[in-house]
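I opened my notebook to look up a few local features of this model. Here is what I wrote down, entry by entry.

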Amino acid sequence: MVTDHKAQIGGKEISYQACAGTLPVLTDTGETEADIFYVSYRVVQPASPKTRPVLFVFNGGPGAASVWLHLGALGPRRVQMLPDGSMPAPPFHLVDNASSLLDVADLVFVDPVGTGYSRAAKPDLTKKFAAVQGDIDSLDRFVRLYLTRNGLWDAPVFLVGESYGTFRSAGLAEHLVEHGVALNGLILVSSILNLQTVSFDYGNDLPYQLFLPSYTATAWYHGKLAPELQADLDRTLAQAEQWAASDYLWALNKGDRLTATERKSVAEKLAGFTGLSVELVQNRNLRVDNRDFARELLRGEGRMVGLMDSRFNAENAEPGRQLGFDATVANIRPPFTSTVNAYLREELGYQSDLEYYVLGGGTGRWDWEAKNSYADTGENLRNAMVKNPYLKVMVASGLFDLATPHFATDYTLAHLGLAAGLRRNISVKRYRSGHMMYLEGDALVQLKRDAAEFIGTTLKR
């Protein structure tokens, strides 16, 4: 279904065509194994020797539709949230997105199989796509078929991923170059490539030091730090990061060999950087996971902070139990679910009786395909950059993200094993926001500016 629209973007009126439809996932013998739903936006322009760049956009989960980046950040229409990014009173509405990237590139928002309206051809095939490689292979086939059917093999191609969407984009980058598609760039929003950095497992101490700076930022936001640490967030974060990568790492590595005096000293320092009590930190053996932190920071007020955006908080109705829900998801699910269902039908004219799977419900149990190890597509990203040295990467991280913390992303990027020349192809941007930094107006404007500059600079070489 193709429809014509206009929107105010970047201070100008943009005329564009929207297409809501599906493309088949075809096997090498031409059989259809699934249908992938997408929404694309194209600016019709006079004949030009230059083809506009095209951005293929994925969200994460795994199990999330592309609606979050679609109607939150990059598309020509966006969900109207309150200025601080919190949920307004229903009913919910869409407004023109002045920070859309449509003035810079054509956009294709892709719902992987099991999300949105995308479905396997047969129920027993669903499991095939609910796995790391099955997911990547299906999206590789989608991208190449889209380029073929739309005559875009000469277009500059970028991938944009958020959360698990960055994991799949890194894997997809190498998969595509092996099939002859050399990408111009990747935009990784709230990146997670190495699952070891966020998995609070027995014997894996890595996440405790990598989450600490995000705990510090959260405690700062809620006014839980000592006055000298509350004065300047950037300076305080630098101190937290330095301590996390040195004395705290040393203490974690020393484990049970810590003396009582050493343990007390580390507990006091850790409590100071997190806003938690010394007693709680000692009780947790100097190791506080993200859910424990989210539940404990505002316990005195009977509240819990969000995981994806720790600026949000909600009443903790059962403080004695494990974290029951993410305050961030509770804030975003209703407005995005309501508006995407209305938008697809009323503005884009796409009719379906299927449930549009916004976040979960269509994929089942995910197969990480990691035996006695952690799933990781960092190596795929490195390989893609080595095989295609023109590939540029922009990474966007939120300081108040307790799901994919910025320090964990920094660690992963520093351990790709790239030579200095290729390391210069990676740029990192930080935002005083959460996992979905675009929920807040100021951060959305900054994200648009950074992404537009990245795309423009990448194509100038």
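**Cis prolines.** I looked up proline 91 and found it in the loop between strand 5 (77-79) and strand 6 (94-96). I take helices (H or I, at least four residues) and strands (E, at least two) as DSSP runs, numbered from the N terminus. The peptide bond leading from proline 90 to proline 91 is cis, its omega near 0 degrees. Proline 62 sits in the loop between strand 4 and helix 1 (67-74).

**Ground rules.** I am reading a predicted model, where local features need pLDDT of at least 70, side-chain atom pairs count only at pLDDT 80 or more, and totals for chains, interfaces and linings use all residues. Residues are numbered from 1 along each chain as its sequence is written, and side-chain values use heavy atoms, with hydrogens and water left out.

**Positive phi.** Most residues other than glycine have a negative phi, and most peptide bonds are trans. Serine 190, not a glycine, has a positive phi of about 55 degrees. I found serine 190 in strand 10 (residues 185-191). Its relative accessibility is 1%, so serine 190 counts as buried (under 20% relative accessible area; exposed is over 50%, partly exposed in between, with a 1.4 Å probe and protein chains only). Leucine 286 also has a positive phi, about 65 degrees, and lies in the loop between helix 9 (278-283) and helix 10 (290-296). At 2% relative accessibility, leucine 286 counts as buried.

**Strand 7.** How many of the six residues of strand 7 are buried? I noted six of the six in residues 106-111, so strand 7 is largely enclosed by the rest of the structure. Asp106, Val108 and Val110 point one way, while Leu107, Phe109 and Asp111 point the other. Next I checked pairing, which requires at least two DSSP bridges between two strands. Strand 3 (residues 32-42) pairs with strand 7 in the antiparallel sense over five bridges, and tyrosine 38 has valine 110 as its bridge partner. Strand 4 (residues 54-58) pairs with strand 7 in the parallel sense over four bridges; here leucine 55 is partnered by leucine 107.

**Two helices.** My last entry is on helix 5 (residues 206-221) and helix 13 (residues 406-414), whose axes come within 6 Å and cross at roughly 125 degrees. Among the residues that meet (heavy atoms within 4.5 Å), I listed Leu206 and Pro213 in helix 5 and Phe407 and Tyr411 in helix 13.

How values were computed:
Axes are lines fitted to C-alpha atoms, for helices over the stretch in contact, and angles run from 0 to 180 degrees between N-to-C directions.
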